Every structure is written in C-alpha cells, then in structure tokens.
Amino acid sequence: MKKIVKVLLQIAKNSSFSLNTPPPEVYLVDLQQGLPMFEIRIHISDIKLRMPLCHQMHMLIIEYYQNNGIKLPCIPNYLYNNQLSINNFDSNYPNTNYYTIT
C-alpha cells in the first residue's frame, strides 16, 4: 500500500495542472470488496481545469500500469451453481437464452 501511495503521489506531483502549494495528497479512503480505494487530492488554479486534470490523472495511472506490467484491478464476482438458472428469452427465438441470478 505504501508503494501505491508513493506512485500516486509522484503522478499527482508530475501533473501539469497541480499546484506545488499546497502539495498533492493521497489517502487510502476505503476497502470495497477487498480492493483498496485511494483518493488523490490536488489543488489547481482554476475549477475549469478539474476535468482536464481528472483525464490527465487517469491516463497517467493507466500508462504507469502498462509500463510496469500491472493489470487494472477488477472487483471479484462470485457466482455459485445454485444461483444461476437458464430461461428461454423469447419463444420466437428458441435458441436464445438469458441468465438470471436467483
């Protein structure tokens, strides 16, 4: 977790929109389904820069992942045999099935 905070902080500091004072901050704010959720706080000179900053940050994070052979995490989904039933979707299309979770 410390390395993640360090990397995110470095990315935030390298943003062309980020102000040096006050400096960017990174916090572990939640754990959702076992995945750590981080928040990056960056001060900018104009609120109109918010969307370009968000875009830039997302792109830089994805670029870092790609350059370091890291896959984006995904929320684990568990499906058990007794939770899945197959029903005919439409009698006009008998070979079409849909899945429902019960």
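The model is predicted: local features need pLDDT of at least 70, side-chain atom pairs count only at pLDDT 80 or more, and totals for chains, interfaces and linings use all residues. Residues are numbered from 1 along each chain as its sequence is written, and side-chain values use heavy atoms, leaving out hydrogens and water.

**S15**
- S15 sits in the loop between α1 (2-14) and β1 (25-32). Helices (H or I, at least four residues) and strands (E, at least two) are DSSP runs, numbered from the N terminus.
- S15 counts as buried because its relative accessibility is 5%. Buried means under 20% relative accessible area (1.4 Å probe, protein chains only).
- The side chain of S15 reaches the backbone nitrogen of F17 at 3.1 Å.
- Leaving aside neighbours within four places in sequence, S15 is in contact (heavy atoms within 4.5 Å) with L53, Q56 and M57.

**Nonpolar core**
- The largest nonpolar core has 9 residues: V7, L8, I11, A12, V26, I42, L53, M57 and I61. Such a core is a set of buried Ala, Val, Leu, Ile, Met, Phe, Trp, Tyr and Cys residues joined through side-chain atoms within 4.5 Å.
- α1 and α2 (50-67) are the elements that give two or more residues to this core. α1 gives the most, with 4 residues.

**Helix packing**
- The axes of α1 and α2 (lines fitted to C-alpha atoms over the stretch in contact, with angles from 0 to 180 degrees between N-to-C directions) come within 10 Å and cross at roughly 130 degrees.
- The contact is made by K3, V7, L8, I11 and A12 of α1 and M57, L60, I61 and Y64 of α2.

Conventions:
Buried < 20%, exposed > 50% of the residue type's maximum accessible area, 1.4 Å probe, protein only. Polar contact = N/O pair within 3.5 Å; in protein donor to acceptor, adjacent residues only side chain to side chain.
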